[in-house]
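Let's take a walk through this structure together, one level at a time. Have the sequence and the 3D view open as you read.

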Number of protein chains: 2
Amino acid sequence: MGDKVIGIDIGGTNLRGALVDSQGNILKRMKILSEADQGIDKLIDNLTNFISDISKGEKVTNIGVGIPGILDSKEGIITQAPNILNVNDYPLRSVLNEKLGSALNVAIENDANSAAVGEWWMGAAKDVNSMIMLTMGTGVGGGIVLDDKLWTGAYGMAGEIGHITIYPDGARCNCGNYGCLESYASATAIRRMVKEGLEDKKLNTALRETTENVHIKDIPKIVMEAAGAGDSFSLGIWQEVGKALGIAIASLVNLLNVEMVVIGGGVSNAWDLFIETTYKEAHRRAFRAPMKRAKIQRGILRDDAGILGSAYLALKSCNEKRS
Amino acid sequence: MGDKVIGIDIGGTNLRGALVDSQGNILKRMKILSEADQGIDKLIDNLTNFISDISKGEKVTNIGVGIPGILDSKEGIITQAPNILNVNDYPLRSVLNEKLGSALNVAIENDANSAAVGEWWMGAAKDVNSMIMLTMGTGVGGGIVLDDKLWTGAYGMAGEIGHITIYPDGARCNCGNYGCLESYASATAIRRMVKEGLEDKKLNTALRETTENVHIKDIPKIVMEAAGAGDSFSLGIWQEVGKALGIAIASLVNLLNVEMVVIGGGVSNAWDLFIETTYKEAHRRAFRAPMKRAKIQRGILRDDAGILGSAYLALKSCNEKRS
């Protein structure tokens with residue numbers, strides 16, 4: 001198969017993408033600002049320019065786009081995406097077909113699902129047929145691959161691993177529920193834990209000086225560095241994160257008996273500070289046999305996971321068209 | 001397709017089975033004691049006699065057997081089954097082939113998985129492609145059908161819905177974990193709640209007289225009747241059961257976005273006493289869109305769920321052999 005496709009990962013800040021061959025090799029890579037906060041029209045301008053630029057001189061018929069939001073993948077519609085201004089039931093596929101030609105096959109998928117597919121196709125889960133990916137960022141995203149196929153749910157909404165309940169009476173989550181995994185294992189969760197801790201004026205921690213007026217994206221790094229320097233409050237936060245992850249993984253493994261759980265996303269950079277707790281908690285809770293066989297691995301593709309996952313889904317839609 | 005197959009459901013007490021046609025019609029039905037507590041040899045004797053009896057005068061090449069335990073379905077081995085005495089890595093398929101002829105195709109599956117397949121094939125979930133079944137009995141079993149296929153996991157161990165963690169610091173479960181769904185929504189859980197409640201000598205409840213020295217299987221019925229008669233302690237127990245179920249269902253729907261959740265098993269006879277709480281709790285916690293589309297239904301096949309599920313798996317292995 002000599003197909004080349006484009007895999008794209010749209011983020012709140014950046015729009016990343018690559019020209020990828022059918023073997024998963026990245027041939028050309030580009031990154032621009034998404035400017036998603038300026039609205040969907042601006043984003044579409046950037047996206048179409050991006051596609052034109054990266055496909056210059058190439059014959060590309062298939063692209064895959066990962067989007068942070070709730071989608072109707074079959075119809076190619078963005079249902080809801082809090083990080084893109086003014087988007088609501090937006091027909092992305094038909095808009096791209098209008099602007100770039102109706103011959104273009106456009107696969108769209110939730111970004112966390114794309115990342116799961118990427119790690120399964122070319123990354124940490126390359127050799128397994130079933131896996132779950134957890135992406136720890138501002139929130140916690142997820143994707144589920146079963147029997148070599150992304151399970152997107154009856155209506156394309158599956159994989160919300162960040163919103164399984166860990167502590168029924170726990171901290172309120174952005175989704176409205178209480179005690180979601182996301183409210184214990186994301187940058188948002190870490191910010192909350194720091195804030196709550198600092199309310200105790202007697203608490204002695206380096207974070208008191210370093211986390212003031214800091215953007216949420218930078219909080220995990222600061223707490224990671226403080227923990228690395230021996231700050232015990234910070235170390236405790238990573239234990240909390242690790243424990244929540246372990247509780248979730250035990251339930252997931254008992255439920256789905258997958259071969260691998262891959263953990264990625266920026267917050268997972270603190271891997272060494274939480275993974276032992278995660279591992280112990282998961283093994284303490286889950287059935288021995290399936291847990292023994294479920295490897296817990298760190299993602300290896302980082303920003304390329306989403307790009308490669310989108311590329312895979314583009315290639316797949318390519319093959320589907322043919323068969 | 002004119003195939004007739006045998007679907008069997010082995011329980012701790014009874015061995016039920018039926019001759020079933022490819023349309024799911026039950027042509028002949030039988031029930032004997034399993035005597036599983038007398039060991040695997042006795043059970044096998046009963047099983048082979050049962051199969052000979054029910055297939056008398058019929059040409060049957062495929063049978064499906066549902067078994068309460070952890071299996072290796074591909075290899076036809078019972079790995080572990082606490083309700084069958086002295087069974088451990090027992091090669092059920094080859095034993096049956098030895099006794100009944102090597103031409104017999106034997107499909108084996110966990111009994112809760114079989115029940116899920118039964119409800120999906122001929123029962124409450126007949127019209128959907130994805131569903132989760134919860135069987136509330138002495139424990140809580142489960143089965144997951146995705147895209148019209150039973151998901152049994154990478155090693156045949158998936159579907160342990162009773163062992164997802166609901167309350168991380170909750171009651172100890174038979175599996176060793178704390179706060180499993182099973183420890184809040186099974187006959188075992190109800191017995192524990194009654195026992196704990198009665199420790200308060202001041203508690204005024206009809207259960208004080210009616211639950212003494214009663215077999216665990218009869219406890220849910222007694223608590224159901226007491227609740228029906230207005231006993232407020234008993235009503236509270238069903239609220240607890242309903243809440244735990246609702247927490248679990250919210251997580252399952254966020255995770256898997258299935259079209260339906262079917263609830264069966266003897267404890268679900270108290271449906272009217274817990275389902276409103278379940279419904280409210282699930283809707284309060286899950287994402288609106290997938291929860292709105294996930295019907296929560298009571299199983300309709302009762303004891304036939306497992307039989308029909310086993311029959312379906314037998315038919316399927318029949319077709320697989322052919323294609």
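## Two domains in chain A

Chain A is assigned a domain 1 (4-115 + 303-322) and a domain 2 (127-298); such bounds come from an automatic or database domain assignment. Before going on, note that this is a predicted model, where local features need pLDDT of at least 70 and side-chain atom pairs count only at pLDDT 80 or more, while totals for chains, interfaces and linings use all residues. Residues are numbered from 1 along each chain as its sequence is written, and chains are lettered from A and ligands numbered from 1 in the order in which they are written.

How far apart are the C-alpha centres of domain 1 and domain 2 of chain A? They lie 27 Å apart. Eleven residues of domain 1 of chain A are in contact with eleven residues of domain 2 of chain A, where contact means that the C-beta atoms of two residues, placed from the backbone, lie within 7 Å. On the domain 1 side, β5 (70-72) and α3 (111-122) of chain A are the elements that give two or more residues. Of these, α3(A) gives the most, with four residues. (Helices, H or I with at least four residues, and strands, E with at least two, are DSSP runs numbered from the N terminus.)

## A sheet of five strands

Chain A has an open sheet of five strands, in the order β3-β2-β1-β4-β8, with mixed pairing. Two strands pair if DSSP finds at least two bridges between them. At the edges are β3 (26-33) and β8 (105-110) of chain A, each pairing on one side only.

Now look at strand β2 (residues 14-21) of chain A: β2 and β3(A) pair in the antiparallel sense over seven bridges. In this part of the chain, Val20(A) stands opposite Ile26(A) in β3(A).

## How the two chains meet

Chain B superposes on chain A by a rotation of 180 degrees with 0.0 Å of shift along its axis (RMSD 0.1 Å). The two copies are therefore related as by a two-fold rotation axis. The superposition is by least squares on the C-alpha atoms of residues with pLDDT of at least 70 in both copies.

The contact takes 34 residues from chain B and 33 residues from chain A. On the chain B side, α7 (232-256) and α9 (288-293) each supply at least two residues, and the largest share, six residues, comes from α7(B). The copies meet through the same surface, because 97% of the interface residues of chain B are also interface residues in chain A.
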